[in-house]
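User: Hello! I am new to this structure and would like to know how its descriptions are reached. Could you take me through it?

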Amino acid sequence: MQLEKSPIAHSDEQFLFSLYSSTRFDELALIGWNDEQKQLFLQNQFKSQHNFYFTKYPDASYQLIKINDESVGRIYTAELPDEIRIIDLTILPEFRGKNIGSQLIKEILAEAEIIKKAVQIYLEKLNPAQKLFARLGFKEVSGDEVYTLWRWESNFCITN
């Protein structure tokens with residue numbers, strides 16, 4: 001299995017929309033909307049999320065995750081003054097549980113160790129990926145009703 005990353009392009013928008021939609025299927029199954037209403041909602045939410053990320057983190061790295069040249073996910077990261085922020089890591093359902101996320105996160109942690117920065121990510125409270133991040137040494141540092149901020153610190157990090 002050849003795992004690669006490549007910068008996203010405008011031509012990847014349909015894949016990115018499908019990927020985003022795959023994260024909302026369970027949630028939308030509980031709502032009594034017809035398919036057209038669900039599709040419109042997903043399109044609006046995807047565009048809002050996409051615009052938010054690119055506005056808040058204009059210099060971030062926006063990459064597709066590929067296996068054997070097939071797109072299977074996305075990883076968005078930003079190097080901030082005191083941390084590397086994992087903005088988003090999403091993998092298609094059929095590729096989850098195959099060590100892809102672990103491998104990518106470990107690469108980020110290795111980079112953070114070299115440049116002596118912490119790594120942070122916001123996760124929804126019900127996101128099953130919390131177990132993965134906890135296993136890799138992330139700790140919960142704050143949160144609200146919906147999201148929790150998780151942080152990993154290098155042995156070399158200086159905390160304020």
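User: Where is the place of Tyr122, in which strand?

Analyst: Welcome! Please keep in mind that this is a predicted model. Tyr122 sits in strand S5, which covers residues 118-124.

User: Why does Tyr122 count as partly exposed?

Analyst: Buried would need under 20% relative accessible area, and exposed over 50%. Tyr122 has 44% relative accessibility, so Tyr122 falls in between and counts as partly exposed.

User: Which residues is Tyr122 in contact with, leaving aside its neighbours within four places in sequence?

Analyst: They are Arg85, Tyr147, Thr148 and Leu149. A contact needs heavy atoms within 4.5 Å.

User: What makes the radius of gyration of the protein agree with a compact globule?

Analyst: For 160 residues, a compact globule would have a radius near 15 Å; the protein has 16 Å, so the two agree. Along the principal axes, the C-alpha atoms fill a box of roughly 50 × 40 × 30 Å.

User: How many helices and strands does the protein have, and how do they run?

Analyst: There are 5 helices and 7 strands. Starting at the N terminus, the order is β-α-α-α-β-β-β-α-β-α-β-β.

User: What share of the residues counts as buried?

Analyst: That is 44% of the 160 residues; the cut-off is under 20% relative accessible area. The protein exposes about 9,900 Å², and carbon and sulfur atoms supply 50% of that area.

Definitions and conventions
Residues are numbered from 1 along each chain as its sequence is written. This is a predicted model: local features need pLDDT of at least 70, side-chain atom pairs count only at pLDDT 80 or more; totals for chains, interfaces and linings use all residues. Side-chain values use heavy atoms; hydrogens and water are left out. Helices (H or I, at least four residues) and strands (E, at least two) are DSSP runs, numbered from the N terminus. Buried means under 20% relative accessible area, exposed over 50%, partly exposed in between (1.4 Å probe, protein chains only). The radius of gyration is taken over C-alpha atoms; the globule rule is 2.2 Å times the number of residues to the power 0.38. Accessible areas come from the Shrake-Rupley method with a 1.4 Å probe; for residues, only the protein chains shown count as cover.
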